[in-house]
Amino acid sequence: MKETTLTVIGMTCNHCKSSVESALNELNGVTNATVSLTDNNVTVTHEDVATERLVEAIEEIGYDVPTA
């Protein structure tokens, strides 16, 4: 298992938290996604899911993920 932490811009409430977690948990290979509203990030535990696919799932529901 891998663990990836991504910064997510635009999350402000528990609905946002739930939306991001649900979008990621629906992906094949993702076993857990946990949002921290305080830290503006999400930590995803997954098998071999490309980071780009995680970012895409978050951006598809309207949030921004800054790239380094």
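## Close-up views of a predicted model

**View 1. Strands β2 and β3 lie side by side in the sheet of this predicted model.** Residue N32 stands opposite T45 in β3, and V30 stands opposite H46 of that strand. The strands β2 and β3 run antiparallel and are joined by 6 bridges; here helices (H or I, at least four residues) and strands (E, at least two) are DSSP runs, numbered from the N terminus. Residues are numbered from 1 along each chain as its sequence is written, and side-chain values use heavy atoms, with hydrogens and water left out. Because the model is predicted, local features need pLDDT of at least 70 and side-chain atom pairs count only at pLDDT 80 or more, whereas totals for chains, interfaces and linings use all residues.

**View 2. Three strands make up an open sheet, in the order β1-β3-β2.** The pairing is antiparallel, where two strands pair if DSSP finds at least two bridges between them. The edge strands are β1 and β2, each of which pairs on one side only, and the twist averages 15 degrees from one strand to the next. Helix α1 packs on this sheet, touching β2 and β3, and its direction makes about 165 degrees with that of β2. Helix α2 also packs on the sheet, touching β1, β2 and β3, with a direction that makes about 45 degrees with that of β1. Such angles run from 0 to 180 degrees between N-to-C directions, and the axes are lines fitted to C-alpha atoms, for helices over the stretch in contact.

**View 3. The loop between β2 and β3 contains N40.** The hairpin of these two strands has 4 residues between the strands, and N40 has a positive phi of about 55 degrees although it is not a glycine. At 33% relative accessibility, N40 counts as partly exposed, a class that lies between buried (under 20% relative accessible area) and exposed (over 50%), with a 1.4 Å probe and protein chains only.

**View 4. Helix α2, residues 51-60, has a buried side.** Its residues L54, V55, A57 and I58 are buried, and they cover an arc of only 160 degrees around the axis, which puts them on the same side of α2; the arc is that of the directions from the helix axis to the C-beta atoms. The face of α2 turned away from this buried side carries the exposed residues E52 and E60. The buried residues of α2 pack against β1 (2-7), α1 (14-25), β2 (30-36) and β3 (41-46). Just after α2, G62 takes a positive phi of about 105 degrees.

**View 5. The largest nonpolar core has 19 residues.** A nonpolar core is a set of buried Ala, Val, Leu, Ile, Met, Phe, Trp, Tyr and Cys residues joined through side-chain atoms within 4.5 Å. The residues with the most contacts inside this core are V20, L24, V42, L54 and I58. The elements α1, β2, β3 and α2 each give two or more residues to the core, and α2 gives the most, with 4 residues. Not counting residues up to four places away in sequence, I58 touches L6, V8, V20, L24, V42, Y63 and V65, where contact means heavy atoms within 4.5 Å.

**View 6. Residue T4 is found in strand β1.** At 14% relative accessibility, T4 counts as buried. The side chains of T4 and H46 are joined by a polar contact of 2.7 Å; a polar contact is a pair of N or O atoms within 3.5 Å, and within protein one must be able to donate a hydrogen and the other to accept it, while residues adjacent in sequence count only if both atoms are side-chain atoms. Leaving aside its neighbours within four places in sequence, T4 is in contact with V42, T43, V44, H46, T51 and L54.
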